Amino acid sequence: MDISSLIFESKHTPRIYTPNEHCITTCKISRGANKVMTRLISAGFQAFLVGGSVRDLLLERNPIDFDVATNATPTQISSIFRRSRLIGRRFKLVHVRENSELIEVATFRKSPEHSHGADKTRIIFRDNDFGRIEDDVIRRDYTLNALYLDYATLNIFDFVGGMQDLNNGVLRLIGDPEARFGEDPVRVLRAVRFSESLNFKIAGFTDTQLKKYGARLRYIPPARLFVEMDKLFLRGFASRNFCRLRELGLLSHLLPFEECCQNPQFNSVREDFLESALSSTDTRVMEGGSATLGFLIAVFLWFPLKMQIEKLSKFENAPTEALVSAEEFILLTQLKKVAIPRRITKSVRDIWALQRIFAKPSKRKADRIIRHPRLRAAYNFFCLRVEAGEIPDDPIRWWSGFFEKSKKSGKLPFSSSLSYRLDRSRQ
Ligand code: ATP
Ligand code: MG
């Protein structure tokens, strides 16, 4: 089916789902989003809930955030909300703060054919021409992300058959894959994320297209890739997303060492280590706990780090020198791809540094690290290494005894005990 002609035909005649035809009510919408939309409407503008929140509410999942679309311009939005900030280079939107919530309010946009800013790569770096809802809809990526809940009536406007796709478990790109993936390769990562996390079938584009346009991820700024990396690995589907990205040959756009760390010496151990770390992260997220990207990045880069240390040890005089330069090299190379904030790289370094202490236990060092903020993450990391067969399990007995004693004497700052296996899903 040629979806663009379908959009063209249906452009002015959306299918409208009335409130009794869908399950979204105002009490399912966050307080902040309710407030923001109410104020936009009282100021005389339109207000629609869009994107992931409509999708997730219809699928009876908890939305991560609530995005609002309106016919008010960014300047008009800013003048309505005192606690707001104009953000974005690729396209401008307004962040409105409502207590602890951050609501993204975007003005309807128009197709980038009329925009400027695409360079020779055809990637759109600026997409700021304002339009009407009919224009806005074809700027969205997938049909299931293009449903508009009109806050004034609670009707859902569906211009592209998103509701049907949602019900049939189909992820369908809006428009021509060559054009849409070409102008923004991040949509490739989003395709992986949505199809894996929702378990939806892909319609209208192929793996070959994902691979082809995924190669253009090299042009995407590191800061934007960080946002996607966070979503890919911290939403409970890290394991599936990781495998799918690897299958498509796209992992190296996020993790530059993935291709070159296929060292036969490490392979099966590394695979076990990765799989346990990814699935324990997913379990934790699914059980409502929080997981940290620092832990996973420490995992992803651990074997590349070991290989680099080995390589440098042949040239550097002291082992600590090799260790420091290897760590610098690995993290800097990673940061060139993905802009990982400093607080996260700090936790990666801490997790790695604590490994040496865990491997050679001593009472003096153990007392020193007992209140370390990364103790739990680092010990969990150590246990995963033992489980994967990378290192012997002898130190585990020592540490179990030490944690038991520390818990009894009230020195261990956690309510539950740290112990091998028991702590597998804890970071
Ligand atoms: P989630 O918030 O759960 O990650 P989402 O779909 O809401 O998923 P956001 O990044 O919050 O993702 O974007 C909100 C909406 O903006 C999307 O649903 C989609 O309609 C549109 N959108 C986001 N990124 C793109 C993109 N790269 N190309 C086209 N439309 C996009
Ligand atoms: Mg969202």
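Trainee: Is Glu98 buried or exposed?
Mentor: Glu98 counts as buried because its relative accessibility is 12%. Buried means under 20% relative accessible area, exposed over 50%, and partly exposed in between (1.4 Å probe, protein chains only).

Trainee: What kind of model is this?
Mentor: This is a predicted model, in which local features need pLDDT of at least 70 and side-chain atom pairs count only at pLDDT 80 or more, while totals for chains, interfaces and linings use all residues. Residues are numbered from 1 along each chain as its sequence is written, chains are lettered from A and ligands numbered from 1 in the order in which they are written, and side-chain values use heavy atoms, with hydrogens and water left out.

Trainee: Back to Glu98. Which side chain meets it in a salt bridge?
Mentor: Lys35 does, with an N to O distance of 3.6 Å. The pair links distant parts of the chain, 63 residues apart: Lys35 is in helix α2 (residues 31-42) and Glu98 in strand β5 (residues 93-98). A salt bridge here is a side-chain nitrogen of Lys or Arg within 4 Å of a carboxyl oxygen of Asp or Glu. Helices (H or I, at least four residues) and strands (E, at least two) are DSSP runs, numbered from the N terminus.

Trainee: And how accessible is Lys35?
Mentor: Lys35 has a relative accessible area of 41%, so it is partly exposed.

Trainee: How many salt bridges does the whole structure have?
Mentor: The search finds 30.

Trainee: Which residues are linked in a network of them?
Mentor: Salt bridges link Arg139, Arg180, Glu183, Asp184, Arg187 and Arg224 in a network.

Trainee: What about Arg244, which residue does it pair with?
Mentor: Arg244 and Glu247 form a salt bridge at 2.8 Å, N to O. They are about one helical turn apart, because they sit three residues from each other in helix α11 (residues 238-247). Arg244 is buried at 11% relative accessibility, whereas Glu247 is exposed at 56%.

Trainee: Where do Lys346 and Asp350 lie?
Mentor: Both are in helix α15 (residues 342-359), four residues apart, which is about one turn of the helix. Lys346 counts as partly exposed at 45% relative accessibility, and Asp350 as buried at 11%.

Trainee: Changing topic. What is phi of Leu154?
Mentor: Phi of Leu154 is near 65°, a positive value in a residue other than glycine. Leu154 belongs to the loop between β7 (147-150) and β8 (156-158). With a relative accessible area of 18%, Leu154 is buried.

Trainee: And what is phi of Asn199?
Mentor: Near 60°, again positive in a residue other than glycine. Asn199 is in the loop between α8 (186-198) and β10 (201-203). Asn199 has a relative accessible area of 56%, so it is exposed.

Trainee: One more: what does the side chain of Thr70 reach?
Mentor: It reaches the backbone oxygen of Gln46, at 2.7 Å. Thr70 is part of strand β3 (residues 67-70).

Trainee: Why does Thr70 count as buried?
Mentor: Because its relative accessibility is 0%.

Trainee: And Arg85, where does that lie?
Mentor: Arg85 is in strand β4 (residues 84-87). Its relative accessibility is 56%, so Arg85 counts as exposed.

Definitions and conventions:
Polar contact = N/O pair within 3.5 Å; in protein donor to acceptor, adjacent residues only side chain to side chain.
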